[in-house]
Amino acid sequence: MRHHTSSPTWSATQWATNGEVRLAHDQLAPGHTDAEPLLLVTGLGVSRQWWPTGLARALTAEGFTVARYDQRDAGESTHLPPTATANPISALLRRRGAAYTAEDMADDAMAVLDALGWDSAHLFGQSLGGAVAQRIALRHPRRVRTLTTVSAVPGDCAGLGAMRHIRLRTLARLARMNHPPTPEGHIEAGVALARLLHSPAHPFDEPALRARLVSAPDAGVLDARSQSRQIGAQWHGPAIERITAPTLVLHGLDDPLVKPSAGRTVAARIPGARFVPLPGVGHGLPEPVWRDVAHHVRQLADR
């Protein structure tokens, strides 16, 4: 059921702890008390600030309290010591430089739920966050109400199994991005990344993006070492066929990085999962689809 409220704003930064790792998070709460908890699981390397506030507000309008967090090695959360591998592609293919496991990353999300006082939540993960969300649903099934995975590879594949779903030309272009590690360089890298991954059927709003990057600078786009540790984290748990949460799989049909075959594979392997293709959508979720996406998540929650 859609709730009509004034536009909520993000809370002050809050903190959760998993062992020695501190996890920064915040939440966007509607003005009513019966909202259902929903956790956004962020993609490779970038901070939680990359989530569009408009998408989060569309979700609150559908009756959710939305929280987002910085994965370990991203944003304001703890960054781990350097490992030998500083190239994300090498980390994925060679399984080297694993500073922690994929299970550790799944447990980070549980630490955030604990800090929020949430016994369980709906999960919404994008890109690497979609794979992490799948692993959370496998490792902590009783705490996951529903699972929405966007533009993600299967959470139990690694190395060549993951690479078959990746467009290598785009990966090579990402690897060639070269910007100075300065505040201005971080902004230019963020603009270049967003332009590369944007949705071809929708306009690219560079001024709005620049304004957001200026207000919330993020060095994660250029931090290959942190990205390598995240992507090198190995999953040792069961296959995604064991996921029991009601599952929605969204994938842009024009995703320039992760092929739609990835989303179709995830949906085919998770029992009862529903695949929703997004025509004209790239690797992110542009503003014209926010309300529809939120409505799909609401329908999933109501199942």
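Which residue's side chain does the side chain of Tyr 100 join in a polar contact of 2.7 Å? I looked this up in a predicted model. The partner is Asp 73.

**Entry 1: Tyr 100**

I placed the residue before going further. Tyr 100 sits in the loop between helix 2 (88-94) and helix 3 (102-116).

Buried or exposed, I asked of Tyr 100? Its relative accessible area is 5%. Buried means under 20%, so I logged Tyr 100 as buried.

Next I listed its neighbours, leaving out residues up to four places away in sequence. Tyr 100 touches Arg 72, Asp 73, Leu 80 and Met 105, and also Ser 226, Arg 229, Gln 230, Ala 233 and Gln 234. Asp 73 in that list is the side-chain polar partner noted above.

I then checked Gln 230. Its backbone nitrogen lies 3.3 Å from a polar atom of the Tyr 100 side chain. Along the chain, Tyr 100 and Gln 230 are 130 residues apart. Their C-alpha atoms are separated by 8.2 Å.

**Entry 2: helix 6 and helix 7**

I turned to another pair of elements. Helix 6 covers residues 168-176 and helix 7 covers residues 183-197. Their axes come within 11 Å and cross at roughly 170°.

How values were computed:
Residues numbered from 1 in each chain as written. Predicted model: local features only at pLDDT ≥ 70, side-chain atom pairs only at ≥ 80, totals over all residues. Heavy atoms only, no water. Axes fitted to C-alpha atoms, helices over the stretch in contact; angles between N-to-C directions. Helix = DSSP H or I, 4+ residues; strand = E, 2+ residues; numbered from the N terminus. Buried < 20%, exposed > 50% of the residue type's maximum accessible area, 1.4 Å probe, protein only. Contact = heavy atoms within 4.5 Å. Polar contact = N/O pair within 3.5 Å; in protein donor to acceptor, adjacent residues only side chain to side chain.
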